Every structure is written in C-alpha cells, then in structure tokens.
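Here are my notes on the model, as numbered points. Please read them with the structure open.

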Amino acid sequence: MEMKQWATNYSQCIKCNKTDKPHKGHGRCKSCYEQKRDRTTESSRKSQNKYRSNNKDKIAESQRRSLVKTKISVLTLLGNKCVECGFSDVRALQIDHVNGGGTKEMKDFKGNYNSYYKKVILSVNNNENKYQLLCANCNWIKRHLNNECQ
C-alpha cells in the first residue's frame with residue numbers, strides 16, 4: 001500500500017521535517033508557516049517604517065502628485081469652467097455643493113482631500129448632480145445669497 005504524500009510537491013515540512021501537522025503553504029506545516037508569516041510581517045513593518053522615515057520628502061511629493069491628478073480628474077468631469085460665468089482658470093475653481101452643506105461634508109473628511117475628490121468623482125459618475133464648479137467669486141456670491149456665510 002502506497003503512503004499518502006504530505007503535500008503535492010513536498011513529502012514533509014521543509015522547516016521541521018514533520019508530517020504530523022497539516023500542510024499550510026510553501027512547503028511548511030501550519031505552525032512553521034505561521035511563524036514565518038509573523039516574522040515576515042514584523043520585518044516588513046520595520047523596513048516600511050525605516051523607508052518612510054528616510055524618504056519623507058519623496059513620499060510627500062508622491063502623495064501631492066496623486067492629489068493633483070485626482071483633482072484634475074474632478075475638474076475635468078465637472079467641465080473645467082465655472083457654470084455661472086465660464087471662468088476657467090483652475091487656480092480659482094472650486095467644487096460647490098449644489099444644495100449647500102459643503103462645510104459639513106468637508107469636516108467629515110477631516111482634510112483628506114483625496115478621499116473627498118474620489119467621493120465627488122463617484123457621485124458625478126452616478127449622475128447624482130450634487131456638485132458643480134464655480135469660480136471663487138461666484139461661489140462667494142452664491143454663499144451670500146443663500147445666507148451660507150458665517
């Protein structure tokens with residue numbers, strides 16, 4: 001009678017050389033696999049923290065580029081110009097909440113503009129008509145007319 005093989009490509013655990021525990025993956029039994037995973041996770045965390053502390057400027061620049069790219073996507077979806085006057089200089093274009101409530105919504109995002117922009121993109125793609133582009137002047141005029149100024 002032929003003995004059952006421990007795993008498809010292994011006859012025993014490559015770490016402890018035992019077959020009494022079930023095979024988990026990569027030639028290791030469950031306990032050896034978990035030990036390696038825990039060490040790898042801790043090692044990865046340490047190396048990631050070291051990389052982050054040594055490359056703060058590089059990471060910040062990458063995050064800034066990602067934010068600008070996402071903002072450009074939002075502006076493009078919303079037409080790249082003020083819906084009131086047609087002004088198109090992106091330095092003065094602002095995302096406006098058609099029915100108000102933008103200040104409260106921004107507080108919910110706690111300054112995480114990338115997540116906010118992604119929410120706007122999702123809303124625009126779902127044709128919810130909650131957002132529009134206004135230039136700074138038109139946005140402040142609208143706020144004044146709707147008594148949204150504080």
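1. Terms and basis. Helices (H or I, at least four residues) and strands (E, at least two) are DSSP runs, numbered from the N terminus. This is a predicted model: local features need pLDDT of at least 70, side-chain atom pairs count only at pLDDT 80 or more, and totals for chains, interfaces and linings use all residues. Residues are numbered from 1 along each chain as its sequence is written, and side-chain values use heavy atoms, with hydrogens and water left out.

2. Fold order. The pattern along the sequence is β-β-α-α-β-α-α-β-α. That gives five helices and four strands.

3. Overall form. The radius of gyration is 27 Å, well over the 15 Å that the globule rule gives for 150 residues, so the protein is more spread out than a compact globule. The radius is taken over C-alpha atoms, and the rule is 2.2 Å times the number of residues to the power 0.38. Along the principal axes, the C-alpha atoms fill a box of roughly 85 × 40 × 25 Å.

4. Burial and surface. Buried residues are 23% of the 150 in the protein. Here buried means under 20% relative accessible area, exposed means over 50%, and partly exposed lies in between (1.4 Å probe, protein chains only). The protein exposes about 11500 Å², and carbon and sulfur atoms supply 48% of that area. Areas come from the Shrake-Rupley method with a 1.4 Å probe; for residues, only the protein chains shown count as cover.

5. Contacts along the chain. A contact means heavy atoms within 4.5 Å. Take the contacts between residues at least 6 apart in sequence: 48% of them join residues at least 24 apart.

6. Charge. The protein has 30 positive and 14 negative charges, and their mean positions are 7 Å apart. Lys and Arg count as positive, Asp and Glu as negative; His and the chain ends are not counted. Each charge is placed at NZ of Lys, CZ of Arg, CG of Asp or CD of Glu.

7. Aromatic pairs. Rings of Phe, Tyr and Trp (its six-membered ring) pair if their centres lie within 6.5 Å; planes under 30 degrees apart count as stacked, over 60 as edge-to-face and the rest as tilted. By this rule there are four aromatic pairs. Tyr-116 and Tyr-117 form a tilted one, with centres 6.0 Å apart and 50° between the planes. Tyr-116 is buried, at 4% relative accessible area. Tyr-117 is buried too, at 9%.

8. The link to β4. Tyr-116 also pairs edge-to-face with Tyr-131, at 6.4 Å centre to centre and 85° between the planes. Tyr-116 lies in helix α4 (residues 113-125) and Tyr-131 in strand β4 (residues 131-135), so this pair ties together parts that are 15 residues apart in sequence. Tyr-131 is buried, with 7% relative accessibility. Ring pairs link Phe-109, Tyr-113, Tyr-116, Tyr-117 and Tyr-131 into a cluster.

9. Backbone points to check. Most residues other than glycine have a negative phi. Asn-80 has a positive phi of about 60° although it is not a glycine. Asn-80 sits in the loop between α2 (56-77) and β3 (93-97) and is partly exposed at 32% relative accessibility. Asn-129 has a positive phi of about 55°, again without being a glycine. The loop between α4 and β4 holds Asn-129, which is exposed at 62% relative accessible area.

10. Cys-138 and its partners. Which residues does Cys-138 contact, leaving aside its neighbours within four places in sequence? They are Cys-82, Glu-84 and Cys-85. Cys-138 belongs to helix α5 (residues 136-145) and is buried at 15% relative accessibility. Cys-138 and Cys-85 are 53 residues apart in sequence and 7.7 Å apart in space, C-alpha to C-alpha.

11. Asn-114 in α4. Asn-114 lies in helix α4. Beyond its neighbours within four places in sequence, Asn-114 is in contact with Ser-66, Leu-67 and Thr-70.

12. Lys-107 in α3. Helix α3 (residues 102-109) contains Lys-107, which is exposed at 61% relative accessible area. Lys-107 and Cys-85 are 22 residues apart in sequence and 28 Å apart in space, C-alpha to C-alpha.
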